[in-house]
Amino acid sequence: MHAFTRNPILHPSQRSKNLLLAIALASLAVAGFVLPFVWDVLAVVDSLPKMAWLTGLLASSPVLSWLMMFVWGAAIPLMLLLALHQSPAHRVRNALFVVALMFIAVTWFVHMTPAGQCDVLFPNSGLACSALKWGFSTSLGLATAAYVFTIFVIGFSSIGLFAQYVGESDKPAHVS
């Protein structure tokens, strides 16, 4: 009978998993809210002058440039999540690496043939073109969610460190 009773207090690792799940779900919700604004920012960036040589290079092989966009788009959230597992000494390096990847991804996105032209370039590939457009939206949404997740984790970690500091400063000093 004792084996069937449950302790209402969760094990610390289970609480941590629940907290991470809650942060991940909140990040997806926030990403869903801000995703239209991200598309608007990309449209503004897309209206800036372009490098003709890069546009021509990427237009020569649109399918390859579209597939490479998925590589750049996946590299950013993976680097953000990897950065959370790195020691604090590597934060500046990781931040610079993420900024570099974001620069490459945005530059690539702006100069590649728009995914909306897939139907025009490949008229018999309607399903593939629809999957491509859906994939770009999903990829941008997941990258945005990973960014928001990283910001939430850093924010909660900062609050935890601040609370720990405040808790330690409230303790009376030992008098010898």
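Trp66 is buried, at 3% relative accessibility, in this predicted model. It sits in helix 3, which has 23 residues and reaches 34 Å from its first C-alpha to its last, close to the 33 Å expected at 1.5 Å a residue.

Now look at the rings. The structure holds 5 aromatic pairs. One of them joins Trp39 and Phe109, with 6.1 Å centre to centre and 55 degrees between the planes, so the pair is tilted rather than edge-to-face, which takes over 60 degrees. Trp39 belongs to helix 1 and Phe109 to helix 4 (residues 91-111), so this pair ties together parts that are 70 residues apart in sequence. Trp39 itself is partly exposed, with a relative accessible area of 28%.

Back to Trp66, whose ring pairs with that of Phe122: the centres are 6.3 Å apart and the planes stand at 75 degrees, so this pair is edge-to-face. Phe122 is in the loop between helix 5 (118-121) and helix 6 (126-170), so the pair links parts 56 residues apart in sequence. Phe122 counts as partly exposed, at 30% relative accessibility.

Helix 1 (residues 12-46) also holds Ser27, which is buried, with a relative accessible area of 1%. A polar atom of the Ser27 side chain lies 3.2 Å from the backbone nitrogen of Phe149. Beyond its neighbours within four places in sequence, Ser27 is in contact with Ala145, Val148, Phe149 and Phe152.

As for confidence, the mean pLDDT of the protein is 81, and 89% of its residues reach 70 or more. Among the elements, helix 1 has the lowest mean pLDDT (81), while helix 2 (residues 52-59) has the highest (92).

Methods
Residues are numbered from 1 along each chain as its sequence is written. This is a predicted model: local features need pLDDT of at least 70, side-chain atom pairs count only at pLDDT 80 or more; totals for chains, interfaces and linings use all residues. Side-chain values use heavy atoms; hydrogens and water are left out. Helices (H or I, at least four residues) and strands (E, at least two) are DSSP runs, numbered from the N terminus. Buried means under 20% relative accessible area, exposed over 50%, partly exposed in between (1.4 Å probe, protein chains only). A polar contact is a pair of N or O atoms within 3.5 Å; within protein, one must be able to donate a hydrogen and the other to accept it, and residues adjacent in sequence count only if both atoms are side-chain atoms. Contact means heavy atoms within 4.5 Å. pLDDT is the predictor's confidence in each residue, from 0 to 100. The expected span of a helix is 1.5 Å times one less than its number of residues. Rings of Phe, Tyr and Trp (its six-membered ring) pair if their centres lie within 6.5 Å; planes under 30 degrees apart count as stacked, over 60 as edge-to-face and the rest as tilted.
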